[in-house]
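Please look over the structure below with these notes beside you.

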Amino acid sequence: MRKVLHPEDAIKHFRTGGTPVSCNEFGHGHINSTYMVKTDDGHEYILQCINQYVFNNPKAVMENVGAVVEYLRGRVNDPKEVLNFLLSDTDTYYYVDEAGEYWRCYEFADGICLEAPESDQDFYESAIAFGRFQEMLQEFPAETLHETIPMFHNTVNRYRMFKDALMADRVDRAASVQPEIAFIMEREEEAGTLVRLLERGELPLRVTHNDTKLNNVLLDRKTRKAMCVLDLDTVMPGSSLYDFGDSIRFGAATAAEDEPDLSRMEINLELFRVYTAGYLTACRSLTKKETELLPLGAKIITLELAVRFLTDYLDGDRYFKTAYPEHNLVRARSQLKLVADMERKWEQMQKIVAEEAAKN
Ligand code: ADP
Ligand code: GN1
Ligand code: MG
């Protein structure tokens with residue numbers, strides 16, 4: 001049960017130029033409560049209430065976000081490439097209301113935000129945005145970042161949480177999802193590969209975005225070039241393969257993340273190629289091993305998302321926002337179908353990566 005929020009009160013605590021005249025729910029994020037606020041001087045802002053079930057230390061989230069945007073501001077060519085947060089009346093980038101809810105406000109960036117690429121070029125540009133983002137953060141002091149969600153992409157731990165939810169079976173749903181459970185368990189060993197390689201130092205730990213779906217990036221309205229990366233809540237030490245993988249599972253799929261008709265869900269190899277080309281162009285520092293493992297990054301992150309959606313389904317839908325009772329199950333099934341399709345096209349995915357890498 002989500003709490004009753006009061007965005008129209010919260011906005012008054014931020015240093016907006018004019019007086020707010022409207023405040024409406026906005027966007028398709030699964031986590032925070034997002035509003036678009038318009039003021040009488042014609043300005044537009046994004047106001048967000050941080051989801052504290054997901055982020056139990058919202059102050060740490062804002063410290064990370066503040067540090068990252070300030071760091072990036074000194075490195076970009078154009079200020080519109082970085083989110084511009086407003087100070088609140090407590091001189092911080094957040095305001096805490098009487099109920100203990102954390103709010104933040106930033107300028108609305110007038111860019112194109114897509115749920116699916118409208119052209120190959122759009123997807124290529126999103127790869128440039130996320131690849132460049134990671135390159136810019138290469139020297140960022142990782143030890144100063146809080147781990148806002150501990151073990152976020154630790155797939156071994158995601159399996160552990162899945163098995164706990166299965167054992168607890170809080171809402172009696174386990175019996176109805178046996179084929180999905182079997183599919184997931186058959187792939188447990190492979191799912192832990194990236195975690196083990198990171199632990200052994202065979203993959204570098206980098207500062208990564210960790211939530212690189214297409215609707216977390218804005219394209220410039222006029223040029224349709226990469227403009228600004230959004231949703232910085234999960235910027236933490238991670239692997240480039242997480243970022244690459246998450247972009248592929250969302251943007252290179254032929255259907256939406258919650259498509260109920262599984263026959264429509266496949267990996268589009270042309271889009272896979274386009275994103276690979278863009279990512280390799282923007283992210284020059286990828287090691288040979290990282291490059292080779294790009295297809296595995298896509299597969300493991302897709303499987304991990306299936307595990308996370310099914311865990312939430314078994315847990316009674318407490319983490320992701322859902323629009324109907326079976327929503328998380330539908331999402332989990334679509335991700336599993338995508339994994340199965342990647343397995344079918346595995347050799348082609350590897351060939352594409354090798355071909356694109358040879359061009360660089
Ligand atoms: P969540 O964590 O819930 O996904 P996001 O920070 O991604 O929250 O915001 C949700 C959506 O709001 C984004 O996908 C995007 O459509 C929109 N959005 C967020 N920030 C901005 C911004 N500065 N300018 C324009 N749209 C934005
Ligand atoms: C959530 O916040 P949003 O909607 O951009 C989730 C991601 C998932 C994604 C699936 C903090 O992303 O990890 O990949 O949903 N974010 C968090 O759509 O858990
Ligand atoms: Mg988002």
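**Notes on cavities, pocket and ligands**

1. The largest cavity has a volume of about 150 Å³. A cavity here is a set of points, on a 1 Å grid over the protein atoms alone, where a 1.4 Å probe fits but cannot get out. Grid points are joined across faces, edges and corners, and a volume is the space filled by probe spheres set on the points. In total, the structure holds three cavities of 30 Å³ or more.

2. This is a predicted model, in which local features need pLDDT of at least 70 and side-chain atom pairs count only at pLDDT 80 or more, while totals for chains, interfaces and linings use all residues. Residues are numbered from 1 along each chain as its sequence is written, chains are lettered from A and ligands numbered from 1 in the order in which they are written, and side-chain values use heavy atoms, with hydrogens and water left out.

3. Lining the largest cavity are 15 residues, and Glu81, Met136, Met227, Cys228 and Val229 lie nearest its centre; a lining residue has an atom within 4 Å of a point. Helix H2 (58-73), helix H3 (120-136) and strand E9 (226-229) each give at least two residues to this lining. Helices (H or I, at least four residues) and strands (E, at least two) are DSSP runs, numbered from the N terminus. By class, the lining has 13 nonpolar, no polar and two charged residues. Ala, Val, Leu, Ile, Met, Phe, Trp, Tyr, Cys and Pro count as nonpolar, Asp, Glu, Lys and Arg as charged, and the others, Gly among them, as polar.

4. The largest pocket has a volume of about 770 Å³. A pocket is an open set of grid points with protein on both sides within 12 Å along at least five of seven lines. Its lining comprises 44 residues, with His28, Gly29, Asn215, Asn216 and Asp231 nearest the centre. Strand E3 (44-49), strand E5 (102-107), strand E6 (111-112), helix H8 (240-251) and H11 each supply two or more of the lining residues. The lining divides into 19 nonpolar, 13 polar and twelve charged residues.

5. Where does ligand 1 sit? Ligand 1 sits in the largest pocket, by the criterion that more than half of its atoms lie within 2 Å of the grid points. E3 and E5 are the elements that give two or more residues to the shell around ligand 1. Of the 19 residues around this ligand, Asn32, Gln48, Ala109, Asn215 and Asp231 come nearest; a residue is near if one of its heavy atoms lies within 4 Å.

6. Polar contacts (pairs of N or O atoms within 3.5 Å) of ligand 1 involve the backbone. A nitrogen atom of ligand 1 is 2.9 Å from a polar backbone atom of Ala109, and an oxygen atom of ligand 1 is 2.9 Å from a backbone N or O atom of Asn32. The protein covers 97% of the 550 Å² of accessible area that ligand 1 has on its own (Shrake-Rupley method, 1.4 Å probe).

7. Ligand 2 also sits in the largest pocket. His30, Lys213, Glu257, Arg308 and Tyr319 come nearest among the 18 residues around ligand 2. Helix H11 (residues 294-314) gives the largest share of this shell, three residues. The shell around ligand 2 has eight nonpolar, four polar and six charged residues.

8. An oxygen atom of ligand 2 lies 2.6 Å from a polar side-chain atom of Lys213. For Asp231, a side-chain N or O atom is 2.9 Å from an oxygen atom of ligand 2. Taken alone, ligand 2 exposes 450 Å², and the protein buries 98% of that.

Technical notes:
Polar contact = N/O pair within 3.5 Å; in protein donor to acceptor, adjacent residues only side chain to side chain.
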